[in-house]
Amino acid sequence: MLYMILGTVLILFALGGAGLVMGQWSDRETVEGWIYAGSAAACGLNAALMVGFLVSGASGMEAAVPVGLPWLSARFRLDGLAAIFLLIVGTGGVLSALYGFAHRRHTQDPAWVAFFFPLFLGGMTLVPLADDAFSFLLSWELMSLASWFMVLASHQHHETRRAAIVYLVMAAIGTVAMMLAFGTLAGAAGGYSFEAMRGADISPWAGAMVVLFVLVGAGSKAGVVPLHAWLPLAHPAAPTHVSALMSGVMTKVALYAIIRVLFDLLPAVGWGWGLAMLAVGGLTAVLGVLYAVLQRDIKTVLAYSTVENIGVILTAIGLAVAFKASGYAALAGLSLVAGLFHAINHSLYKSLLFLGAGAVVSATGYRDLERLGGVIHRMPVTAATFLIGSAAIAALPPLNGFASEWLLFQALLNGPRLPEWALKLAVPVVGALLALATALASACFVRVFGITFLGRPRSPEAMMAKEAERGILVVLVVLAGACVILGVAPMMVLSIVSPVVETLMGAPPLADGGRGLLWMEPLAERDSSYSGLILLVAVMGMASLMFLVRRQASGRLSRSHAWDCGCPDPNPLTQYTASSFSQPIRRVFATTLFRAREDVEMPEPGDVSPARFTVSLYDPVWQWFYRPVTRVIGWVADKSDAAQLMSIREYLAIMFAALILLLTVMMVIR
Amino acid sequence: MTVSGLLSVGLLAQIVQAILVLALAPALTGLVRLLKARLQGRRGASLVQPYRDLACLLRKDVVIAENASWLFQAIPYIVFTMIWFAAVLVPTFTTVLLLGPTADLIALVAFLGSVRFFMALAGMDTGTSFGGLGASREVMIGSLAEPAVLMVIFTVALVAHSTSLIDVAEYLTGTDVGIRVSLLMALLAMVMVAIAENARIPVDNPTTHLELTMVHEAMILEYSGRHLALIEAAAMVKLLLYISLILCMFVPFGIGTRADGFAGIGLGLVVYLGKLMGGAVILAVFESSIAKMRVFRVGEFLGGALLLGVLAMIYLYISWAV
């Protein structure tokens, strides 16, 4: 099975290469069609294999491919954890490839997008499979660079070029941090296979350094605050199906790296790191969604909302670390199951929302919410699926987003058992932060859906929008269906995720409540249960009673102008806009945090020039984190300028001093 | 009672409760209005008036805006069903309810969150300035109220060792919890949230149509006929639901449990009616003695509720440790 997956990766690479060659003389549409169809087939095969692997409960399989460094052939290993993430990659890959296939006739992206697309998918497939540091880092870089080229698709825009530069720098920092992490893990003996790292005996200090490096390296790729700044710039800049992959899938691959190192490669991680991850995760969730609710660009909103969801998953991982360090293996497992389930769910609904938004953007030509509106009449299927995605991401029952957050809250409610006081006090605060993030996410997606699809069109293009191609609609409907099915039957996923977590934690994470697969009943000693399916059936049953209302009531319905308190204005500009919709939230939350300021410029009486209203936001992360860092780098660069203009004697003196210094250090250490 | 006996009693109680909440909700709203009128020196309309209003609305034709979508027409049914279902889940006079394990307190809160989600969408659908205004204020209120109520629930769940509504009610009736400061704080936070969620004074005014202050009314401005009837009925059931929820979480005493048998459940019904009336009196007195606050003060009000909720939880942790 492992060789089959490696084979599909080879096929993906070949597709990219073939596309590069064929593109020179064949017509573009056919070539891209073959590339996307081939990528979809390869990813589909992978996803199907992974489902088979997870359901059968097969144990790990290994392979060594004689490529790469001569003394260390590239090792690959397939186990349950890798399989879960490969399933995410495969599912996201097949659906976004199908979107690319259906959209290829109308695309305005440069030709290279189709060539890098399969490479990107191949890179993301290899990361979870890698079983040594070299193949891991190579796949990781392939994933970063391939996506970087696709971010540059609209390189003629100034903002895109800026996004690409920021992305490149952050990706480089991330990879360096990952390198340092693996280097520390390998230790002086230099065992770069994961097998050797698992057995290595590293000191607590080195372990702490590894955690820090991984959190920086993989956290920057996942978009953890304050390393998220590139994400809302880069994800929206890429073509739609690539944005969906970057937000829905690539961030999950980054989380995979965190989980792999923290729960598999490292023998033990201290509770302090759990506390740090809880705090960072909670902050990431709230800040991410607060940024999201204030944005005007539909794809930027979705990108920031990815930051929020990463925060939620990071909180779950942090909770798992805290429980594991305190000896509660089962509760640690429950937290990790909740996190993994949320990762799967997020990959589904974020892909759905990005692809739906992409359909609207290509139908209207606008990413700015202030130009959209009323699209539900022209694009009914897109609207219905986007509504399901919005409800899922807003954690409304009985959809999948709620199911995973419910599990996470059940795990959080066990906080009092943690022995350390700092953790005890942190858990309720983190719970409040998560609850706040969930509620704000609901507000955010009411706004996105309401402004985009409801109301009156705010531009002629929105009024004349056309429903997307049938192929795209099929993709959207499949994703929306998946969100509903995973919501009403969460145990379907949990029953294959929990054995994987059990092997990591050594204890079964979900208690068997004895009620069967319809119920989530995670803890044996508490009688907390939830059943999405029964809830849905009961609500549907009660809704069917509504026909009584219809029979008793007057059935007549007529259409007229909106009433609007007696003075409707036909101008669609009198509607609430995206900015005015978020004004109350901006006033309540962002006044101090983001120093949101509203400036109204009113002309003098008699003056006919328009009044102006500007909102200025200030991003504390840029101000307090990035700017000082750039300043320090600039200062160091300035100072080291002097080193370029020295005489050869001075250079030799420096080398001699360095030699002496190193020898002294060696002497002291020995 | 045997298992099958328990199941059939549960089913029966469930159906009785489903009908009871629908039948009582307009009377409760009528009672609050009547009491408020008396407190203000008016005679007030009779208790039957809300029923008449609903029947009147049902008879009227529906007029909707030209550009309203299918969602606008579906939302009254969605909202009414969801609120009704939520009200059916909360133990009122007995804890022997068939649907009890289906959804716990967290699911219930999320369910009420869905109601808000759809109501706000309804407000935005016609593309009028008032609808957007109501929706935007409603989501701001919700973004603070929802975490506050979750904190309250966490506090209660930690005391009762379960997030299940039935377990919470049975634990508090069966165990001598004593007076806990954290529960008092949670109760206060819950009442503040309930006031905001039900569009009562001082957060919102259920009888106003003044643009500066309205929230809930602004969202439903475009509804008429049977749609409006459903939404009004949903608002009435929601008031009953919140009072029942507070009763169930903080003063469940007298509720009929598994151990009580039929007599206990019958007694529970009487006690429940008494408590409901008490709740109406408190609400009417409170509403008559306080002034409406500015919309942007609501953030502070609900932020206070959220803080109280967090404090209640932290206090609970500390009181356990000491």
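Chain B puts 72 residues into its contact with chain A, and chain A puts in 71; two residues count as in contact if their C-beta atoms, placed from the backbone, lie within 7 Å. Keep in mind that this is a predicted model, where local features need pLDDT of at least 70, side-chain atom pairs count only at pLDDT 80 or more, and totals for chains, interfaces and linings use all residues. Residues are numbered from 1 along each chain as its sequence is written, while chains are lettered from A and ligands numbered from 1 in the order in which they are written.

**Where the chains meet**

- On the chain B side, the elements giving two or more residues are α2 (49-59), β1 (62-65), α3 (70-89), α4 (105-125), α5 (129-160), α9 (225-250) and α11 (298-321). Helices (H or I, at least four residues) and strands (E, at least two) are DSSP runs, numbered from the N terminus.
- The most comes from α5(B), with 18 residues.
- By type, this side of chain B splits into 41 nonpolar, 20 polar and eleven charged residues. Here Ala, Val, Leu, Ile, Met, Phe, Trp, Tyr, Cys and Pro are nonpolar, Asp, Glu, Lys and Arg are charged, and the others, Gly among them, are polar.
- Strand β3 (residues 557-560) of chain A runs parallel to β1(B), joined to it by four bridges; pairing takes at least two DSSP bridges.
- Across that pairing, Ser558(A) sits opposite Val63(B).

**Two helices in chain A**

- Helix α3 (residues 80-103) and helix α10 (residues 240-265) of chain A pack at about 175°, with axes 9 Å apart. The axes are lines fitted to C-alpha atoms over the stretch in contact, and angles run from 0 to 180 degrees between N-to-C directions.
- That angle makes α3(A) roughly antiparallel to α10(A), a label for angles over 145 degrees.
- Among the residues making the contact are Phe85(A), Gly92(A) and Tyr99(A) of α3(A), and Leu245(A), Gly248(A) and Tyr256(A) of α10(A).
- The residues of this contact come out as eleven nonpolar, six polar and three charged.

- Chain A has domain 1 (342-544) and domain 2 (622-669), with bounds from an automatic or database domain assignment.
- The centres of these two domains, taken over C-alpha atoms, are 50 Å apart.
- Asn400(A), in helix α16 (residues 400-412), is buried, with 29 other C-beta atoms within 10 Å; the cut-off for buried is 20 or more.
- Beyond its neighbours within four places in sequence, Asn400(A) contacts residues including Asn345(A), Ala392(A) and Cys483(A).
- His342(A) is 58 residues from Asn400(A) in sequence, yet 8.3 Å away in space, C-alpha to C-alpha.

Terms used. A residue is buried if 20 or more other C-beta atoms lie within 10 Å of its own, exposed if 12 or fewer, and partly exposed in between; C-beta atoms are placed from the backbone. Angles under 35 degrees count as roughly parallel, over 145 as roughly antiparallel, 65 to 115 as roughly perpendicular and the rest as oblique.
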